[in-house]
Amino acid sequence: MTTHDIPDTPEVREKMAASQAEGMAALGLGPVVEGWEDGYRAAATADSTFEWWYFDCQFDDGSTLVVTFSNKPHTDPSGPLDPSVLIIRQLSDGTRLHLEPHYPAAEFSASPDRCDVRIGPNTVSGDLDRYDIHIEAEGITADVTIDRAAPSWRPGAGINYFDSARTHFLAWVVPVPYGTVSATIVQDGARSTLTGSAYHDHNWGNHLMGSFLDHWYWGRAHVGDYTVVYVRMTTKGLFGLGEINIPTFYLATADRVITDDLLPLRLATSGDVDGPGHQTYPTRMEWTWASERGTITMTATNPVLIESIDMHTPRHGIAKALHAGDHPMYYDFNADLELDIALDDLTDHVTGRTLYEKMMFR
């Protein structure tokens, strides 16, 4: 099936601007992210909506910590509340801890007014500027504080609809595109006091993502003085138009968004290799952005696979036969990144590291 980039034309821009303005008005959103946007957005529709709050930390000693608070699996949006906390801890020597404890629905609570989530003994609270996380699970406890160091952001209304009736959606806000982090972690009796950098985003939706998405690439980086968030979602055939690439892009310094214009963003991948689970991934990604302001280029190379998760869900009857060849997988990488900025008011070249993922739904 043919894959299309969204054309960067005045007509498309006008339609997208009108759609985003309509969406922002309907959701009560302003031009700047507010604290309530990191609250429980599914509070009134929890019977049909999944939601998660994602945090990842990279520490100066080379270790990492990922924590995700979820009201239910995204693979079962219409199912009952099934709160869980995903904890992935990787030490600098490659030692890994992967836990995902589930808790009774009665041990879940979340505020619609701000980020304030409790799942069993695990909690997170924050106000965009600062977040405090506490986790307790088998073999690990942690207390983490994140301070935002780049502007909170969402792309327009932060919501994508995937049906003509605009009822099936996936929504997103990024309260902390980049922040500093301090943490005290006790793992298997060993206590560590750590500092580093962090990222936090927040997602919710009401439809099985694999029913309208083929795959996505998502990544984030802080290199030099710049924070970058980049995404390309590729849909399954929508509205009879074939597969559509939907890009998202954010480039900022500590106090200024340089651009979040998504339409010029394009991705070329190369050097595919086999990964776990009958899927492939590229060893080189070239992201390009070009407009009348100039160009921005990001090149990610030498990816190191740090996580692979089999996303297969049991199917029955005719659905089992229809999807017999599917191998949904999630891959997470750390890679080298070169960022070249050649704009009319800013020129720079910096290098560093990027975290990114490839999520495949079939």
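Contact is taken as heavy atoms within 4.5 Å. The structure is a predicted model, in which local features need pLDDT of at least 70 and side-chain atom pairs count only at pLDDT 80 or more, while totals for chains, interfaces and linings use all residues. Residues are numbered from 1 along each chain as its sequence is written, and side-chain values use heavy atoms, with hydrogens and water left out.

His-200 lies in strand E13 (residues 190-205); strands (E, at least two residues) and helices (H or I, at least four) are DSSP runs numbered from the N terminus. With a relative accessible area of 0%, His-200 is buried (buried, under 20% relative accessible area; exposed, over 50%; partly exposed, in between; 1.4 Å probe, protein chains only). Neighbours within four places in sequence aside, His-200 is in contact with Asp-38, Trp-53, Tyr-54, Phe-55, Tyr-131, Val-174, Pro-175 and Val-176. The side chains of His-200 and Asp-38 form a polar contact at 2.8 Å (a pair of N or O atoms within 3.5 Å; within protein, one must be able to donate a hydrogen and the other to accept it, and residues adjacent in sequence count only if both atoms are side-chain atoms).

Arg-148, in strand E10 (residues 140-148), is partly exposed at 30% relative accessibility. Its side chain makes polar contacts with the side chains of Asp-129 (2.4 Å) and Ser-152 (2.6 Å). Not counting residues up to four places away in sequence, Arg-148 touches Leu-128, Asp-129, Pro-175, Val-176, Tyr-178 and Gly-179.
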